[in-house]
Every structure is written in structure tokens, then in C-alpha cells.
Amino acid sequence: MKLKIIAAIGQNNELGKDNNLIWKLPNDLHFFKETTINKTVVMGKNTFYSLPKVLPNRKNIVITDSKIENGEIIQYSSIEDFIYDYKDSDEEVFIIGGAMIYKQFIDLADELYLTEIDASAEADVFFPNFNKDDYEKIELGSNSDGDIYYSHILYRRVKR
């Protein structure tokens, strides 16, 4: 499995508030879609419930110990069970949130696709801290939506 993380974070690692994204960034949502299309996406229950629908053209996996009645998703009750099933897979797997899922996968991921937003806001969930010295930083591009500026950054792990 090629394990990757994708997230949009503010200057203080803000992810969201009240189970919603803080910023409405259409161009970043396009980047998210283009990056994850035809891939496997893994999320926690709250992230799943925050989505308007199952993400199309992706294999949607939800990790939760609660039962979700939805035939369009694959559900795992633990990260360990998911890893056991996918460890020998060649699939590109994107961890898409939320904060607890990011925290549990951050040390396992080979690549982090971070939208680094040049703003801060009130938040109740945050992206976990990670040692940037363990990664090669590749700027994929800069963009803006309205007066919000951000950069798409790929952190590729070089040290474990």
C-alpha cells in the first residue's frame, strides 16, 4: 500500500470546526478531487458524516467502531484491521481525515499532500505536528480563492 495523507490546514494546523471545513476553497476542492480520483480514501466516522455523499469514483473506507448503514462504503472497526488487509496491496490510499485518523496514520504515511492556507481561524480540530526534517518539501503550486491564499505542498518522507 502506498499510504498518503491529504489535508488543508491553516497557519496553526487548523483543520475544522463543528465537523465542517473552516475555509470554502473551490480551487482546493478541485485539487483534492484530482489527487484522490480513482484511489482509495480512508476516513473516520465524523468525516464521513460531514460529506454531502459518498465520494464518487473512489473506494470509500470508514474506520469506526460504530455500525454505519451504507452499502457504498467499506467499514473497518480498527486501523489495525485495515492495515492488515491492505499492507500487501499496491493501491494508493489517501487518508482524508479527521484529526484522530490523521494522528494515528501520520507516522505511517510516505507522503503528505498539504494545502497550507495563509490564514488562521478558530478551530476545534487540528492536524498533528510532524517533523518536517523527515521529509523532502515539494511545492506543487500556489492558488487563491477570494482573498485566501494557499500553497499545495507535497512532503515526501526521506527518513523514518
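Guide: The accessible surface of the chain comes to about 8800 Å², and 46% of that belongs to carbon and sulfur atoms. Accessible areas come from the Shrake-Rupley method with a 1.4 Å probe, and for residues only the protein chains shown count as cover. This is a predicted model, in which local features need pLDDT of at least 70 and side-chain atom pairs count only at pLDDT 80 or more, while totals for chains, interfaces and linings use all residues. Residues are numbered from 1 along each chain as its sequence is written, and side-chain values use heavy atoms, with hydrogens and water left out.

Visitor: How do you know that the radius of gyration agrees with a compact globule?

Guide: The radius is taken over C-alpha atoms, and the globule rule is 2.2 Å times the number of residues to the power 0.38. For 160 residues a compact globule would have a radius near 15 Å, and the chain has 15 Å, so the two agree. Along its principal axes, the C-alpha trace spans about 40 × 35 × 25 Å.

Visitor: What makes up the chain in helices and strands?

Guide: The chain has 4 helices and 11 strands. These are DSSP runs numbered from the N terminus: helices are H or I with at least four residues, strands are E with at least two.

Visitor: Why is Asp-18 called exposed?

Guide: Exposed means over 50% relative accessible area, buried under 20%, and partly exposed in between (1.4 Å probe, protein chains only). Asp-18 has 55%, so Asp-18 is exposed. Asp-18 lies in the loop between strand 2 (14–17) and strand 3 (20–21), and its phi is near 55°, a positive value in a residue other than glycine.

Visitor: And why does Asn-19 count as partly exposed?

Guide: Asn-19 has a relative accessibility of 39%, so Asn-19 counts as partly exposed. Asn-19 is placed in the loop between strand 2 and strand 3, with a positive phi of about 60° although it is not a glycine.

Visitor: Which residues of helix 1 are buried, and how do you know that they line one face?

Guide: In helix 1 (residues 26–36), the buried ones are Asp-28, Phe-31, Thr-35 and Thr-36. Seen down the axis of helix 1, they fall within an arc of 110°, so they line one face of the helix. The arc is that of the directions from the helix axis to the C-beta atoms.

Visitor: What covers these buried residues?

Guide: The cover includes strand 1 (2–9), strand 4 (40–44) and strand 7 (92–97). Contact here means heavy atoms within 4.5 Å.
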